[in-house]
Every structure is written in C-alpha cells, then in structure tokens.
Amino acid sequence: MERSIRNSPLAANDGDSELHLDRWRELPRRQTPPWPDPAEVAAVCATLGKKPSIVMPHEVEELRYRLADVCEGRAFLLQGGDCAETFAGNTESHLLGTTRTLLQMAMVITYGGSVPVVKVARLAGQYGKPRSSETDSLGLPAYRGDIVNARQVAESARVADPQRMIDAYVNSGIAMNLIRAYPPDDLTDLEELDEGAYDLLRASSAGARYQGILDEVERARRFARVWGPTERQAVRESKVYSSHEALVLEYDRALARVLGGRAYATSGHFLWVGERTRQLDHAHIDFVAQIANPVGVKLGPDVSPQTAIELCERLNPENVPGRLTLISRMGSREVRDVLPAIVDKVTAAGAKVVWQCDPMHGNTEQSINGFKTRHLDRVIDELLGYFDVHRSLGTYPGGVHIELTGENVTECLDGAHGVDSRNLPDRYETACDPRLNLRQSYEFALLLAEILRG
Ligand code: PEP
Ligand code: MN
C-alpha cells in the first residue's frame, strides 16, 4: 500500500463515478464565504488542483491506524492549537511554540499517565473561522479568517478574496515543512525548553499539587534516555499531524487527490466539521463523507442521540475504527446531562468512534466590553464531566481538543473571577477564541495524567 502510494502520481480526480467530490456544490451550505466573483474562485481552485499535496495519503492512513488505537482504548488523542491561525502569525517561533507545547503536554501524559499519545495540531491550515453573524459589531462584513478576508477594520479589508486560498496553501506548506523537519529532541527536551513553564508552574498552587507527577515524568525521561529508544521510535513519538476545520470547501476540494479509488484531502491529515455546519444533508458533511481521511464532527448540547447515530452512519458506513471522532463540546453545565444519552445510543448501535472532549467551545463567554474569555474552572469542569460520563458508561474517553498557545498570553482566566482588561488584546482580536497559555496547558496535561492513571 505504502509503496504504491509513494510511486503513484496523485490525480485531482480519476473520474471514478463512486466518488462524489463535487456533490456538495449542489447542497445547502452554511458559512459560505461571500466570494464576489465565482470565475476567480474557479481559476484559483484550478491552480490549486495542480499543486503538490501538503500531506501524503500514506500519512493520512497512518493517522487513521493510530486513531484506531485510540478508538480501542490503547492510546490517547491530544489535539490543540490556535482557534484560527493567521498568515502574519505563521512564524517559526509561533509554530515551534505550539508544536513544542503539544509535544511536552504529550510527554507529561505519556509518562505520567502511562499511555501513548497521538498528537494532532490545529496548525498548517487552520485559517478559516465560522461566524455566528454575517456582520461584526460595527456593521462590517464579518472577518472569516485569513483564508477568506482580512481582519482590518475597513469594508474593503472584509471583501472575500479567493487569492487568499493560494496564500493559505503556501503558508500551510511552509508550516508543514517546518514541523516535519525539526529535530524531535529539540522539541521534546523537557529540561532545555521548559524552564519558563516550570518556573511558572512552581510559582502556582498547581506546582505543589503536581510535583509527584513531574518528578515521575523526569525519572521516566532519564530512564528512556539511558535505555536509548531507537531513532525511529523517537521520530514516531514526536510525529505531529496537522488538522483544520473543513470549512472553506473550495479549498479542501481543490487539494483533494485520488489514489487507488480513494479520495484524500491533502490539505491536512485530519479534518473536522464544526458545530455550525454539521447538518446531515448539507454540503460540509457530504464533502467529508467522500474523503478517506480520519474526520471529526463537533457535537454541541443540542445534538440528539439520533443525530449522533445518523452522523456515524453517514460518515463511517463501514464502521472503520479511527475513521470518525465525535467531539463533544457541551459546556460545563450541560455535559453531564446531555452526553450520556448520546454515548449510550452510539455504543448500543455498535458504532466505532473516538470520543473526544472539546472543553473550550461550550464555555466561551462574553465579558466586559465584549471581550471573549474562558474560565479555566469551567473548562476543567467540562473535562471532568466528560470523564465521569464515560467512566459511568464503561466507554473510553479517548482524547481532548483544546485551543492553546506556547505564548504567555492572558486569554483564559484561571478562576471564575473578573477580567484584567490590561492584559486583554484589542477588541478586534476577539474574532479569535481565547487560548490556554503555556502554564495553563501544562496544568491541563498534568491533570490529564492524574485522571488517566486512575
Ligand atoms: C473551533 O473549533 O474553533 C470552533 C469554532 O468550534 P465549534 O465548531 O465547536 O464552535
Ligand atoms: Mn475556536
């Protein structure tokens, strides 16, 4: 399989009538970018259709095998990164900050919780943003992410520009190149790189609480270094897959390639459909149903158990483990009430899914002056609720999906107390959701390690 994939050129479409890669175009669709000129969109997509893949089918298949391990309870899925990446923010330090944070969280979870971790970044393609409203608070057309328009406060900046899909492709390829090529040891060496985070942790109450796990992680690391894992294992351990929301379908379709009768979205390894676009008979679900990549769907508090079953039938008719991830994002107040019936029904139907918890998006709050924030207390409460539900039903809580950064920002608040507006970004930054900072990401990983060891 790998051999044939490596030796075959990938086709934009092989004419296989079983593949309906363009059927979404005929279906109702939410969040459609208001492109002014369809002919220009078509021209850009024709250009993208001839470009090399950003990710390769054999990697996509490899991720699916690894997610099958998660599905069957032998590994844990850690997914995280920015709410939306920007082109200006696509710098070496930002990319390495996110990657390093994920890898170091994974290390804490692996060694502290004794479970292998599959690492998936919201990176190298997460340039689109679904919006709740067509216009922003000033009445301008909404900013929809750098792949569609510009964030600047001007009518002209908000015009959807298809050329931005080319910029997205270039930025994504550059980001993927860096993540692939960076020496794994440089990203996973706790001692070298974590001084800052350790200092922050030690200074917080979590430092004392988690000291035992931190010591164990360090001991296990030392043992592994002495024992000497093979280079191949070390590389595999630091492999980070890319993911983004399948939102701007023109882009993901243009980068789909067909190999051996299967269509692969080569714009990223893992694609998910968001809460606002998961209607069963609409465009987004139809498109991801056609591709062979592992895919996810966000499930908000309004999802019925019946809808969850229908999503499984639609997106994973052959019931392949690792193919489908159901990402619950219920909110801390609803997770314990709403999630059990969904998990129960999906399990009773025998559907194989990865159950992943996104404790962020159901807990986003507007606070003073319209700033968006999240309280870490509520994020953690949803996470605990998710584990409670799965433990009581005997199902496997397979992973988390979070928004984080390796930078020392103040976007999520530690407690449920007031906002320190001095540390908050300007109003228009609020187009993006608040992320956990480096110390909060560490605390989150330590908490996961503690929960997973039981
Ligand atoms: C997101 O993941 O950034 C997002 C918008 O999530 P959701 O679709 O769950 O609201
Ligand atoms: Mn978000």
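Me: How many nonpolar, polar and charged residues does the shell around ligand 1 have?
Reply: Happy to sort them, keeping in mind that this is a predicted model, where local features need pLDDT of at least 70, side-chain atom pairs count only at pLDDT 80 or more, and totals for chains, interfaces and linings use all residues. Residues are numbered from 1 along each chain as written, chains are lettered from A and ligands numbered from 1 in written order, and side-chain values use heavy atoms, without hydrogens and water. Ala, Val, Leu, Ile, Met, Phe, Trp, Tyr, Cys and Pro count as nonpolar, Asp, Glu, Lys and Arg as charged, and the others, Gly among them, as polar. On that basis the shell has 3 nonpolar, 2 polar and 6 charged residues.

Me: Which side chain has an N or O atom 2.7 Å from an oxygen atom of ligand 1?
Reply: Good one to check in the viewer: a polar contact is a pair of N or O atoms within 3.5 Å. A polar backbone atom of Glu-275 lies 2.8 Å from a ligand 1 oxygen, and a polar side-chain atom of Glu-403 lies 3.1 Å from one. The side chain at 2.7 Å belongs to Arg-329.

Me: What are the protein donors of the manganese ion (ligand 2)?
Reply: Donors are N, O and S atoms within 2.8 Å of the metal (3.2 Å for Na, K and Ca), and sites may look incomplete because water is not among the atoms. Here they lie 2.1 to 2.5 Å from the ion and follow the spacing C-x277-H-x41-E-x29-D. They are Cys-83 (SG), His-361 (NE2), Glu-403 (OE) and Asp-433 (OD).

Me: What pLDDT does the protein average?
Reply: pLDDT is the predictor's confidence in each residue, from 0 to 100. At least 70 is scored by 87% of the residues, and the average is 89.

Note on methods: A polar contact is a pair of N or O atoms within 3.5 Å; within protein, one must be able to donate a hydrogen and the other to accept it, and residues adjacent in sequence count only if both atoms are side-chain atoms.
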